[in-house]
Amino acid sequence: MSHTSHKILIIDQSTDMIDKIFDLLNDSPLPDDLRVATSLGLDEAKGKLRERAFSLIIARVALHEVSQYQAVLELHGQMPSIGLIEEDSADALIGALRVGFDDLFLVRNFSAESVPFVESVERCLAKARMVDENRFYREELEQSLSELRADQQAAYHIQRNMMPAEEIEVSGIVARHLITPSLYLSGDFVDVVPVDNEMVVFYLADVSGHGASSALVTVLLKNMTQGMVKDYRDLPGDKLPSLADVLRRINAELLETGVGKHLSMFIGAIDRRSGLLHYAVGGHHPMPLITDASGTRYLEGRGMPVGLFEQPLYDERTIELQSPFQVTLFSDGILEVLPHKDMRSREEYVRAVVDNLRGAEPARLKGALMAGYDSEVPDDIAIMTVVGH
């Protein structure tokens, strides 16, 4: 922070008193760059305070005009002030303190109290320097926060633009999603990508942590998965790529970036030709639910988190789909807003709600699961439904 010279405003109708103050300030060990301005009346003082800021006000105060100084000191803000009181009375002293003077001296004792007066000026200038520094740091902080908000807004729009539409139909599959971030940016991410006219890949990922650093990983994830799916489009139509290999490739790229983030991920591929759901699990919890004529149940499978281990194991499975069907995916943030004490009860409650609201959109599922929960969510919540007929 650059040094700012102090400016003192002396308010007094007596030039003799002003001269005495000048002499004391000149003979004192106060800073050499001290600047002093004078005002012979309150109106003139108000005008000068509106034009510039002063570090200290020194003013002669008469009992009958004490209240008028309140407006002067309000213009002065948080900066200190010293009052020179004409009347040696309790009313004058109390009145001057009430309007905001930091220190008081009696005019008739002024010459005898020259040393305490100069010491008071030094203390007031030190306080003014502190106020100046605090204002400077506050303005810097506000500027930084403003820039951060602008950066977050830009990142938010980038992240939103990377997401699929909240409702998208691909290859006869209708996918819907809803993400509720715990902070401005989300570490939860979903995507729906057609491989060809008969196959669609979808996934839900939950990056460790919250906020901007986690949201940045979702950008990397989008680029990685888009590139991988593009590569797989060159394969023969009857050949399905290994989804566990997809997780392994994402794992390797995350480790290579060194961002220090990992994620849980469920990735699935629906093949309309065969009527099969192929999926792989990378540490995802809770497992997605499959709803069909047989009821609603959790898919089986497990696997290690993505981006944490150099040689991870990922579970890859295939099930036959019954039409109509619905696959419902949640990030683990949904479990944290449920009132049930143990994990088994929470998972069963989620299953029961999904089964009871078959075909419901993510917003309705969220409303049912979070009924009665009125606090800010402690973790990002992502809900995705994939429906086929």
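Seven aromatic pairs are counted, where rings of Phe, Tyr and Trp (its six-membered ring) pair if their centres lie within 6.5 Å, and planes under 30 degrees apart count as stacked, over 60 as edge-to-face and the rest as tilted. This is a predicted model, in which local features need pLDDT of at least 70 and side-chain atom pairs count only at pLDDT 80 or more, while totals for chains, interfaces and linings use all residues. Residues are numbered from 1 along each chain as its sequence is written, and side-chain values use heavy atoms, with hydrogens and water left out.

Select Phe105 and Phe117. Their pair is edge-to-face, with 5.6 Å centre to centre and 75° between the planes. Phe105 lies in strand E5 (residues 103-106) and Phe117 in helix H5 (residues 114-162), so the pair ties together parts 12 residues apart in sequence. Helices (H or I, at least four residues) and strands (E, at least two) are DSSP runs, numbered from the N terminus. Both Phe105 and Phe117 are buried; buried means under 20% relative accessible area, exposed over 50%, and partly exposed in between (1.4 Å probe, protein chains only).

Go on to Phe202 and Phe266. The ring centres are 6.4 Å apart and the planes at 40°, so this pair is tilted. Phe202 is in strand E9 (residues 199-207) and Phe266 in strand E10 (residues 263-271), 64 residues apart. Phe202 and Phe266 are buried.

Next, the charged pairs. The structure holds 18 salt bridges, each a side-chain nitrogen of Lys or Arg within 4 Å of a carboxyl oxygen of Asp or Glu. Select Arg60 and Asp12, whose side chains meet at 3.0 Å, N to O. Arg60 lies in strand E3 (residues 56-61) and Asp12 in the loop between strand E1 (7-11) and H1, so the pair ties together parts 48 residues apart in sequence. Both residues, Arg60 and Asp12, are buried. Include Glu86 to show the network of salt bridges that links Asp12, Arg60 and Glu86.

Now centre on Arg317. Its side chain forms a salt bridge with Glu300 (3.2 Å, N to O) and another with Asp315 (3.1 Å, N to O). Arg317 is partly exposed, at 31% relative accessibility; Glu300 is exposed, at 55%; Asp315 is buried, at 19%.

Finish at two cis peptide bonds. One joins His285 and Pro286, with omega about 0°, and Pro286 sits in the loop between strand E11 (276-282) and strand E12 (289-292). Another joins Ser323 and Pro324, with omega about -5°.
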